[in-house]
Amino acid sequence: MIRKYMKPSVLCRRNVAYSTDIKPLLCLSFVGSLLASGATFAATNSMSFDFHQGEIENGFANWLYSDKGENPCGVYNGGQISKLCSQDGYKFYQYYNYYNSDHMGWTRYGYIDADPDIAISGSSLKLILTGGAYPGPNGTVEYLGKPIYSKSDYVSIDDIGSDPDRLLHVGNTSLYMKGPQDTSKFPMLQGNNRFTMWVLWPKVKEGLAHYSTARGMTRPDMTFSWYPFIGSGKGGHYYHHISNIPMGGWTKVQFDAHPQHHNAGSRNPYSAFKVGGYEYPGNGVSYFNNIATMAFVASFKDQVGYPAKVNIDELAAHYQPYENDETINNLAIGFDQQSRMFDIGLSDKYRCLNCNAKYQIKYSFSPITQDNFEHAYTPVEVINFNRTHNNTAGHIVKPNPGYNNVWAALELQPEHKSLLTNNTKVYFALKDISDRSNINQEEIDFALNEVPNLGSIRTIDLIKTIDYTIHLVDYPLEIKTQVLEEAVAGHSYSAAIEYSGGSAPYHVEAISTLPSGMQLDSQGVISGTPEAPGTYTLTVKVSDSSAKVTTGTVAWVVKSEADFNVAHCSGIVDFNAANDLQDAIQSSAFDSVISDTYTGNIEFGMTNVIGSNGGYNYQGVTGTSGLAIQAGEQIRSVWYNNSDQAIAFTPRVSFDDTDRPQSGAAGTWHNMETVLIKPRRWAVSNFTIVDGATSPAYTLNINVNYNNHKQLVLDKIEHVSPSHSASSICIMPFGNSDNSTSPVLLKDSRFAAARVGEYYSAQINIEGGLAPYTVSVLGELPSALNVSAQGVVTGTPEREGEYVIDVMIRDQKGQTITAQVQLNVQAKYAGNAAHCKLVVDFAGASNNQDLVALAGFEHAIADTYTRNTHIGRTISVGSNKGYNYQGVKGSGFNMKAGDIVRTIWYNDSQSAITFTPKLSFDDADRIVSGAQGNWYAMRTITIEPKSWQVSEFTIDPQFAGLQTLLNTNVNYNNRKQLVLDKIEYVSADFAAEHTCILPKQE
């Protein structure tokens, strides 16, 4: 029997679905229990989705499940959807949008269900998406899967409509929570200013590696959002966003009373809201007290195909005074169970071209307060969304001043990783350390708060806290890949068999015989060149470190080149027919090639060569004869993806517009097929002629309709028609993309030297092949050092010595090499150096003039944007790290291999700074302009505030001999913060009594 909705007048009853020895269910009112909890809402009284016996049909507490076909709680369109209703008249249900646009989202089918296997405790609520809308040709909307609005709608896997080859457009459903009336408020929120919940997305493969500005992203995504309606559910609503990514573990989301946006817009130039929004500025409790409706939206942007799901659990609220809710908003912490890394999402208050922001993050295993914040732990590394801002100082840097979104990943200290076990609670705290002197902040940011035992503290100086309890998810070990991307016989191929769950590390092996020419490595990458077409079934076994084992079969189709031939097809134009960047018209119907001034030829065809605007692009043909076209015929556009990422786009075609779609003479443009192109591959987007088309067509023009720069290349335009003979065949290009890749090579076999006790970071330099590369370590690393899959070595070495690190490098196409990289870990550095002489002391002479001291160098050189202070040379105009150099030149000094160049730097700021200065022996001006030269990275150093530190460079044999120039570049954006005090030189030719002394720290 299914427990159905009970009328509000029924207070409690025995659930007849249970055996008679179970006591009557205590029908504690959800609302009543929340009221009893008071202003500090305890987690034990939170809204837990602990469905009885793990079945959504049984409901939980006094919440009851109502299937489609009935609507006892008055939900909008409730007769068509499933929902949860409480005896107090509250309701929790899905809302399905039908906007079907890239801006507003695409309809997604789906339903709610209980999940007894994955939960913070008991069971959780599971939102499952099963298919939905996507754009079809000519502006139409098409759908995948059966319309599903309830669990009862789902019958079999065939209802899902999953298509692993189709990258569906972003689409969501919203979860709404409302009271008995539009103006009803939520007792759980009364007197509080924090609303928390736990969210779990399935882990996205390579999520951390791809979540960065380096992948072309301008800001972090809004991955989970809360929309509170103030006063009435029929009014406007606010937006609260976080930007965490699916890391496989639970994400704890903590919303406060500071919104990022209102659907009616913002009222100031910085799009800045106050705590409390428009209605209750400065009063977060009143904001919470008056929330009448709230919606939750989880992004599924990175999930390809369906079904897709997200789990939600433990909704709770509490009150937290004396924290900075003005410039640090809506925190969330996520956890990766395998790497034991955390990620943090938050929002900044201001948006403008100069609205930069920076935050200090700390963590502890006990509560962090305003008083003990500085004594909490600093992460060993903060991985920022803009990777150039990675650091060991605990600084989270806002990646784009024009948006609110901020994200970072956190690597805890090595000695703390072993503590990250089930039920461990970790406390995090943030402090705003931004320099916003170039904008006018709101006065409320600087309001004084009387903090008990600490006195008056400005809001902006207060910390913001969130705690995170580790709840490990026991995922079953399973093979996710059922069908591999098809291959072409005679062409190189590489694909990864995906698996999940269990515990790393994993081992993959083939049980069945692999097709001739192919191999499968221990990580599940199948690569090689298949020799013969055919349909294959591969049987593989995956085992993990906990002795879990699973097997599965993977289907794989290998086609021949001829399988892609299209008969009754004739070429119209080839943009680069002879690989000479020249166009070739192949149809007598047309006379001339047309193209945008921003469009030009590169290898493979036509593309955007100036800028990246998808509208500033067209290429096609015109003619006096014209092309006869009839309904049912097709125009084929053959595209090449000249990038390292898959791209889904919808090109447009016009038969009467000879210029840009949005400017010039007006014309009609039609959407062609949406196509997904794999990296370095070709694909075809067709347009089918419809009835009523004007014939002949004197113009045939195609627009890429996707912002890119030299990535999406139009190779050919072709025509499929019964008027062409069956022997007239169009073929798909293949060879160039497979054969143009050079071998994978290790560029440098020796790292810069490290020192015991000092944080170290270095990149394994790789060239050739097809990026991105995957690096794995064979054997052991020096103590306390790690190597990421991207080939970045990090850590703080504990013992000196000469180490040889064996690594395996694999590129995207499966080319694999093994190599050795040498690393010298030197003894702990004392700061002073014997056998050392001064080269130049910047500002060392009278009136802060430069003092050149080493024979062979006669003149100091410096950038016009670089000036002397009383300490030395620094950037004094602007902050661009490229507009900086300082050094010496002269008749020349004889350098020997093993000698050391020392640079003495001073940090004239209030925060620790980690940076890697650069050195040149042949470039006497800026690193970014002027005469071209070579620059080499010196040792990465971290300088504490108001302190000195040394960065060194050891002379390699290639630099030995007479050198007439020593030039340095700070290589870090700053203004009057990093000051170069001296350049010094260490050589065994100097007497031991020649000693260079590191200045005393302040």
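A residue counts as buried when its relative accessible area is under 20%, as exposed when it is over 50%, and as partly exposed in between (1.4 Å probe, protein chains only). Keep that in mind for this tour of a predicted model, where local features need pLDDT of at least 70, side-chain atom pairs count only at pLDDT 80 or more, and totals for chains, interfaces and linings use all residues. Residues are numbered from 1 along each chain as its sequence is written, and side-chain values use heavy atoms, leaving out hydrogens and water.

Start with the whole chain on screen. Colour by secondary structure and you have 5 helices and 70 strands (DSSP runs numbered from the N terminus: H or I of at least four residues for helices, E of at least two for strands). Along its principal axes, the C-alpha trace spans about 95 × 85 × 60 Å. Of the 1002 residues, 53% count as buried.

Now select Thr650. You will find Thr650 in the loop between strand 41 (647-649) and strand 42 (652-654). Is this residue buried or exposed? Thr650 counts as buried because its relative accessibility is 12%.

Next, show what surrounds Thr650. Leaving aside residues up to four places away in sequence, Thr650 touches Asn671, Met672, Glu673, Thr674, Val704 and Asn705, where contact means heavy atoms within 4.5 Å.

Finally, zoom in on Thr674. Its side chain makes a polar contact with the side chain of Thr650, at 2.6 Å. Such a contact is a pair of N or O atoms within 3.5 Å; within protein, one must be able to donate a hydrogen and the other to accept it, and residues adjacent in sequence count only if both atoms are side-chain atoms.
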